[in-house]
Amino acid sequence: MQTKEASQESEIKQVIRSLCMMNNRFMNFMLDDNKEAAQVFLRIILGDDKIKVRNVRIQSFIQNIYGHSSQLDILAQDSEGRYFNVEVQRSDEGAPARRARFYSSILDTHFLQPSKLYEELPDTYVIFITENDVLRDNLPLYDIRRTIKQNARDFEDGSHIIYVNSQCRDDTALGKLMQDLYCTEPKNLHYREFAERMEFLKYSKEGEEKMTDVIEEYAARKAEAVAKEAAKEAAEAMAKEKKIEFAKDLLAEGESIERTVRLSKLSEAEVRELASKLTA
């Protein structure tokens with residue numbers, strides 16, 4: 001018979017092994033300081049095999065003393081000095097166009113240093129990977145640029161916003177990448193850089209220890225769920241007790257079984273049992 005600690009450890013392992021990269025926190029662990037994996041990501045999404053990632057960070061907090069600050073899921077920089085912000089959004093409400101616009105602007109204000117010329121502002125890419133096709137044109141990828149309305153030419157200001165529709169999981173390189181985002185087993189991943197990292201995180205002691213906060217988040221959510229269920233059961237028990245007391249009062253006043261059932265919302269069997277106790 002399993003001890004409580006062993007059972008909890010087994011449950012935690014199951015939770016960890018059920019995670020995929022569409023889980024925001026797990027994606028962070030997959031790419032944190034993992035230049036090779038981030039490079040595969042960006043090369044496939046942007047269709048550029050020459051991208052060389054110089055560094056990658058997760059949960060980068062960008063302070064805005066004059067307004068709304070932001071915490072970026074994944075922030076990478078390549079050898080050309082370009083910045084890439086990758087956000088995983090499972091909720092449609094988490095990927096509105098104006099959020100992408102804001103993230104693009106906050107990258108600009110953060111990475112143009114004082115005394116630098118506007119021409120030195122680095123190119124930025126804000127990439128939203130969405131669970132659903134939030135732009136609803138059934139495209140695998142939406143590459144959004146500013147254009148000159150009168151001649152449809154690109155307005156080359158160096159800003160890029162990209163939406164990736166993770167529902168498109170065909171046999172293209174991008175489709176296989178999207179398949180990998182939903183994969184929970186390292187052996188089934190298409191890309192070695194992801195498989196090696198997932199193997200480490202899910203099947204090594206060191207990897208599990210790295211994901212302490214994921215486990216803590218799971219424990220907190222479970223505790224919250226248990227508390228909600230207990231509160232729900234208590235509320236239902238209280239409501240039932242009120243119905244029973246109401247039914248007793250009705251029966252004591254001489255109401256019929258049928259009318260008591262209708263007014264109290266109890267079942268006929270429950271009302272008859274109460275009636276039999278009152279007349280005993």
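1. A residue counts as buried when its relative accessible area is under 20%, and as exposed when that area is over 50%. The model is predicted. Cys-183 has a relative accessibility of 12%, and it is therefore classed as buried. Cys-168, at 16%, is buried as well.

2. How many disulfides does the structure contain? The count is zero. A disulfide requires two cysteine sulfur atoms within 2.5 Å. For Cys-168, the closest cysteine sulfur belongs to Cys-20 and lies 17 Å away, so a bond is ruled out by distance. Cys-183 likewise takes part in no disulfide, the nearest cysteine sulfur, again that of Cys-20, being 8.7 Å away.

3. Strand 3 (residues 83-89) deserves attention. Seven of its seven residues are buried, so the strand is largely enclosed by the rest of the structure.

4. Which strands pair with strand 3? Strand 2 (residues 70-78) runs antiparallel to strand 3 and is joined to it by four bridges, with Ala-76 standing opposite Phe-84. Four residues separate the two strands of this hairpin, and Gly-81 adopts a positive phi near 90° there. Strand 4, by contrast in direction, pairs with strand 3 in the parallel sense over seven bridges; Gln-89 faces Thr-130 of strand 4 in this arrangement.

5. Seven aromatic pairs are present in the structure. One of them is formed by Phe-84 and Tyr-125, whose ring centres are 4.9 Å apart with the planes at 20°; the pair is therefore stacked. Because Phe-84 belongs to strand 3 and Tyr-125 to strand 4 (residues 124-130), this pair ties together parts that are 41 residues apart in sequence. Both partners are buried: Phe-84 has 0% relative accessibility, and Tyr-125 has 9%.

6. Tyr-191 and Phe-194 form an edge-to-face pair, with 6.0 Å between the centres and 75° between the planes. Both of these residues are buried. Elsewhere, Phe-102, Tyr-103, Phe-128 and Tyr-163 are linked into a cluster by ring pairs. An aromatic ring also meets a charged side chain: Arg-169 lies over the face of Tyr-182, 3.8 Å from the ring centre.

7. Helix 2 (residues 24-31) has six buried residues out of eight, so it is largely enclosed by the rest of the structure. The buried residues are Phe-26, Met-27, Asn-28, Phe-29, Met-30 and Leu-31. After the helix comes Asp-33, which has a positive phi near 55°.

8. With its neighbours within four places in sequence set aside, Ser-104 is in contact with Thr-124, Val-126 and Ser-159.

Notes. Residues numbered from 1 in each chain as written. Predicted model: local features only at pLDDT ≥ 70, side-chain atom pairs only at ≥ 80, totals over all residues. Heavy atoms only, no water. Buried < 20%, exposed > 50% of the residue type's maximum accessible area, 1.4 Å probe, protein only. Contact = heavy atoms within 4.5 Å. Phe/Tyr/Trp six-rings, centres within 6.5 Å; stacked < 30°, edge-to-face > 60°. Lys NZ or Arg CZ within 6 Å of the ring centre and 35° of its normal. Pairing = 2+ DSSP bridges.
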